[in-house]
Amino acid sequence: MYFRHPKTLFSFILLIVAASISSHASTLKSVLDRGDLNCGVYPDDPGRSAISIKGHWQGFYVDFCRAVAAAVLKNPNYVNYVEVRSKTRFTSLIDKATDVVMYSSTWTLGRESTYHVNFPAIYFFDTQGFLVRKSSGIHSIADLDGKSICVTNNTTSQRNLEDFLAAKQFKTRIIYSKGDQFFRSSACDAYSADKMNLLITLENNTDRKDEYLILPTNLSREPISPTVRDDDSQWNRIIRAVILATILAEDKGITSENVDAIRSHSNDVEVTNLLGITGNIGEVLGLDKNWGYRIIKSVGNYSQIFERNLGALSPIEANRGLTALWKNGGVLFAPPFK
């Protein structure tokens, strides 16, 4: 093809760019046009994501689905929960069956490249460990040599365990199975997973928790994050902002109960920016000014989400550990909302 005039060539290039952009409709626009959020969750044990006896989805990850819907669609209930598994949590994004996946997925650089996904923000800092029976005589990692360990396939826990055993040259048998097999039979001497996973598994599989022990050693670091496709930077920023809004709210002492009072009199610029009184964060994200207010009012701050699903107000009674706020001995904080 030959162009006689430079302006013609320039116009042709603009058409190509425009066609390319239009072929990748923004996730935000798709969600707004559809009227609900397709949020991927794993049908799991109570605490993380499960359907209650009344038929409602609930859990830590479910609450973050609701937080996104509150920010984007102005209603936390406008969520279509899409069940995903360890094998489909990333492919569901690429296939556009989900807009975001709220799952206990560990952020790794390899996953970003392999699956073409982004990890917008860490919403839980975990470590991998081992669950054993006290009667087994296993008190340390060294005692696992020659034993059998259950681990879920297609997870970072599997790869971490395989690498660890190879490095230690342990003669340990790996059984690819979820934690329930550890409780049903004696085939596994131990079960390895993220420690929060171990606590939830323990809570939901036995009435005799005092007969089990989580070894004190940490096998790995596990930064847990939602996942989105890597072709939409605006949507990545929105999901990140939602997570960070709940963290900042806890840091500033804003709860679902006091958010209206604080909104009416606060002079803290980060608070007023978060709650839409000042600044233009909502506009920059492509949302309205009240996006952060709706999250806190309808779902709560990070502490409220954690405590009712995983912490002191739940049967799991997990402590925050590394996921405590930075000023409480943890590593959780939000960047300045300025």
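## Exercises on a predicted model

The protein's secondary structure comes to 14 helices and twelve strands.

**Exercise 1. Describe the overall dimensions of the protein and its share of buried residues.**

Step 1: Start with the C-alpha atoms. Taken along the principal axes, they fill a box of roughly 80 × 60 × 40 Å.

Step 2: Turn to burial, where the cut-off is under 20% relative accessible area. Of the 338 residues in the protein, 51% are buried.

Step 3: Residues 24 or more positions apart account for 69% of them.

**Exercise 2. Work out how helices H3 and H14 pack, and which residues make the contact.**

Step 1: Find the two helices. H3 covers residues 60-73, and H14 covers residues 302-309.

Step 2: Recall what to look for. Two packed helices are described by the angle between their axes and the distance between the axes.

Step 3: Apply this here. H3 and H14 pack at an angle of about 145°, and their axes are 9 Å apart. Their crossing is right-handed.

Step 4: List the partners. H3 brings Phe60, Asp63 and Phe64, while H14 brings Tyr302, Ile305, Phe306, Arg308 and Asn309.

Step 5: Sort these residues by type. The contact of H3 with H14 has five nonpolar, one polar and two charged residues.

**Exercise 3. Characterise the largest pocket.**

Step 1: Think about the method. Rolling a probe the size of a water molecule over the atoms shows where empty space is left.

Step 2: Give the volume, which is about 690 Å³ for the largest pocket.

Step 3: Count the lining. The largest pocket has 38 lining residues, and Tyr42, Arg48, Thr152, Tyr191 and Asn197 lie nearest its centre.

Step 4: Trace the elements. Those supplying at least two residues each include H3, strand S5 (100-106), helix H6 (156-168) and helix H8 (195-205).

Step 5: Sort the lining of the largest pocket: eleven residues are nonpolar, 17 polar and ten charged.

Key:
Residues numbered from 1 in each chain as written. Predicted model: local features only at pLDDT ≥ 70, side-chain atom pairs only at ≥ 80, totals over all residues. Heavy atoms only, no water. Axes fitted to C-alpha atoms, helices over the stretch in contact; angles between N-to-C directions. Helix = DSSP H or I, 4+ residues; strand = E, 2+ residues; numbered from the N terminus. Left-handed = near helix turned anticlockwise from the far one by under 90°. Contact = heavy atoms within 4.5 Å. Nonpolar A, V, L, I, M, F, W, Y, C, P; charged D, E, K, R; others polar. 1 Å grid on protein atoms, 1.4 Å probe; cavity = no way out; pocket = protein on both sides within 12 Å on 5 of 7 lines; lining within 4 Å. Points joined across faces, edges and corners; volume = space filled by probe spheres on them. Buried < 20%, exposed > 50% of the residue type's maximum accessible area, 1.4 Å probe, protein only.
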